[in-house]
Structure formats: C-alpha cells, structure tokens
Amino acid sequence: MLYNPYYSLDQMNPIIVSLTGGDVNGDGIPDNVYLTGVNTIDSPFIQKITLVIQDGRTGIVNCVPLESDAGYNPTLFLGDFTGDGVKDILISIVSGGSGGIMYYYIYSDVGNISKLLFDYNVFNEAYQYQVIYKDYYKVDVINIIEGTKYVIDISYKDQDYLKEIYDTEGKLKAPIEGFVSPLSGLYPIDFNSDGVYELLTYQRISGRFAADALGYVQTILKWNSIKFALDNQYVAIFGSEV
C-alpha cells in the first residue's frame, strides 16, 4: 500500500512530494516508488529531493540521493526504457530558471540495485551545437558531435528585427552567433508500440538572446543496451501567418 503523500512531521523533515507504484526490481510484485523533499516556507520550492524505493515483498527501503535535488513540481513516471520487461523510474524536476531548464534522471532498480541510466547533465554535455547567422536570412544550427547541419529561414521575422541584423541586400551587418539551451523537455514515447519507451527531448534554439527563440532541437534517444543513444534528430521551427 502506498504512503499518504500529505504525511509530514514538520517543516524540517521530508514529506512525500510524488508517489507511484509498480514492479521496478523485477520480482513481479509491485513496489512503492516516491520522491521525498523538504518544503520551503511560503514557497512551492522543494529541497533535498530524494528517490525512495520500497520493496513490495520485503518492505526494505532504499534511498537514492539526487545530484540536482532542489526545484519545483518533482514528478515520477514508471516505464520500461531498456526492453528488459521491468519498469524503470523517470524523475522530472522543474529548475525554476528563466530558461525553462529541467532536471531529468532515469534509474533502473532491477534486483534492488539502483543504477543511473540517464542524467540530464551528461546529455547536455554530450550534445553541443553552434548557431550561426548567415546571409540572406538563414541560420545554421550545427550538431558538432554528429556533424549534421540544419538551416532555419528567418525571413518570416518582422522587418524591424531583420533590419537590425541585415543590410538592404540581405547581407549580415556583423557576425552573430546564437545558442542551443540545455534540456527543457523530455517525454517518454513508445514510438514502435513494442512496450519499450524511447525519449523525445527538446532544446530551445535562441538567437541574439534567450527570448529570441528560433525553434527547437528535437532529439529521439533509444536505449542501445549500454546507454541512451541518438536515434533521430530534427529541428522544429515556428510558423508564420500566410
């Protein structure tokens, strides 16, 4: 039976902030999985967020500290990401920063041994980009590691925006580089309908400043028996009025 999520001794002790249930250790018996944290007075900000797994058969509790353990709206999702038939644990935490940055972790607990499968920091470091403005209202988005390039046409932008950057012939007045933000969205999707979830990630493409959004890098990751590896990648752009 799952614990009451509203249970708390006092403001200094952890409370349960998210909970769910399912077999995560592979013995066929549902386990209790929840996140605990410490409330901030007069704020929804949660600190010391910890993954807690209670073996449904023995009642033994395993606590797993998180590297990024503070934020808003911590949530849990259970699903099989590796194809072993056992549910893994996806943790999502809103950082609260202005860039909409999210913290994500995926853990396996097969055999009651907690193993980190996905770390948002590792992902952010592994996928590096260049965003380079080009002549004639084009922007190149280059995945440095994969050696792929996407071209965004920004001619739909309003004239005041374009006049600041380009001369009357469509040539750049000065070199400009944008950037791709860290992970801001990660969604479990079973693209193949085989019971195994892939990961769809979102990273915002920005121009001269963070709010100058040009689109999103969408990356599909799939477990390859060792790690989550790139399966497909796209760039999505914003539409304009016809």
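**Aromatic rings in a predicted model**

Me: Is Phe118 buried or exposed, to start us off?
Reply: Phe118 has a relative accessible area of 5%. The cut-offs are under 20% for buried, over 50% for exposed and partly exposed in between, with a 1.4 Å probe and protein chains only. So Phe118 is buried.

Me: Thanks! How many aromatic pairs are there?
Reply: This is a predicted model, with residues numbered from 1 along each chain. Local features need pLDDT of at least 70, side-chain atom pairs pLDDT 80 or more, totals for chains, interfaces and linings use all residues, and side-chain values use heavy atoms without hydrogens or water. Rings of Phe, Tyr and Trp (its six-membered ring) pair with centres within 6.5 Å, as stacked (planes under 30 degrees apart), edge-to-face (over 60) or tilted (the rest). The count of aromatic pairs comes to 15.

Me: What geometry do Tyr105 and Tyr120 have?
Reply: Their ring centres are 5.7 Å apart. Because the planes stand at 80°, the pair is edge-to-face.

Me: How many residues apart in sequence are the parts this pair ties together?
Reply: Tyr105, buried at 1%, lies in strand S7 (residues 102–108). Tyr120, buried at 5%, belongs to helix H1 (residues 120–126). Helices (H or I, at least four residues) and strands (E, at least two) are DSSP runs numbered from the N terminus. The parts tied together are therefore separated in sequence by 15 residues.

Me: And which kind of pair do Phe118 and Phe123 form?
Reply: Phe123 is buried too, at 4% relative accessibility. The two ring centres are 6.1 Å apart and the planes meet at 45°, so the pair is tilted.
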